[in-house]
Amino acid sequence: MPDDGAQHGRRMARKKAAVDAAIARAERDKGLLLVLTGNGKGKSSSAFGMLARTLGYGFKAGVAQFIKNRRDTGEEAFFASHPSVQWHVLGDGFTWDTQNREADIASARRGWEVARAMLQDATLHLVVLDELTYLLNYDYLDAQQVCADLAARPPMQHVVVTGRAAPECLLAMADTVSELRDVKHAFRDGVRAQPGIDL
Ligand code: ATP
Ligand code: MG
């Protein structure tokens, strides 16, 4: 039977009541651990969206980019010189080409020390750990140690972890997990990475 206006109004009123009740129940504040994973586009760019929001409130933030093969991205050009952002590119030691596992492990551990210092700094409202999952998946970092350091951070500090195939212990301790699903990507249609969109 076709929907009439009155029916629609009643359905919307029920929906609004349910949403209002859910909003009323969510009354706690907490430093969140967010994990953005999956094969679709949108993980790092979502993290940088939260960074922009954070800075909009005048809060301080820290970013660690663990795998970085270029330094000419829009996010770095925009955020790295911001007075309220600590921007660390920690992937310099990694290349997919060296295939030197020992050197990569040493570099990962040095990088994690920088990240850990941010996780101990309660003045940072948000810490972005971009592409961290790869270091865990390759066992360059001990996932249990990383999760322990995340758990020990200041209670109101938010952390966003990005990267494909997030390990189970990270998913288990996260407050919010989104899996970006790859439905289509222009790259497969022969379109190169577009400034402002992909980098
Ligand atoms: P973005 O930084 O655009 O949010 P991402 O962090 O989700 O992407 P990464 O795996 O870190 O994805 O890849 C970074 C780069 O690879 C970006 O230029 C992105 O557009 C591109 N990319 C992401 N997903 C895909 C995909 N499924 N196929 C091809 N290229 C992709
Ligand atoms: Mg990314």
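Is F79 buried or exposed? The legends below take up this residue after the ligand site.

This is a predicted model, in which local features need pLDDT of at least 70, side-chain atom pairs count only at pLDDT 80 or more, and totals for chains, interfaces and linings use all residues. Residues are numbered from 1 along each chain as its sequence is written, chains are lettered from A and ligands numbered from 1 in the order in which they are written, and side-chain values use heavy atoms, with hydrogens and water left out.

**View 1. The surroundings of ligand 1.** Ligand 1 is surrounded by 14 residues, each with a heavy atom within 4 Å of the ligand. The closest are K41, G42, K43, S45 and D198. By class, the shell holds one nonpolar, six polar and seven charged residues; Asp, Glu, Lys and Arg count as charged, Ala, Val, Leu, Ile, Met, Phe, Trp, Tyr, Cys and Pro as nonpolar, and the others, Gly among them, as polar.

**View 2. Polar contacts of ligand 1 (pairs of N or O atoms within 3.5 Å).** A polar side-chain atom of K41 lies 2.5 Å from an oxygen atom of the ligand. For an N or O atom in the side chain of H185, the distance to a ligand oxygen atom is 3.2 Å. G40 contributes a backbone N or O atom, 3.3 Å from an oxygen atom of ligand 1.

**View 3. An aromatic cluster.** F48, F78, F79 and W87 form one aromatic cluster. The whole structure has seven aromatic pairs, with ring centres within 6.5 Å. The rings of F78 and F79 have centres 5.1 Å apart and planes at 85°, so this pair is edge-to-face (over 60 degrees). F79 is buried, at 6% relative accessible area (under 20%, with a 1.4 Å probe and protein chains only). F78, at 62%, is exposed (over 50%).

How values were computed:
Polar contact = N/O pair within 3.5 Å; in protein donor to acceptor, adjacent residues only side chain to side chain. Phe/Tyr/Trp six-rings, centres within 6.5 Å; stacked < 30°, edge-to-face > 60°.
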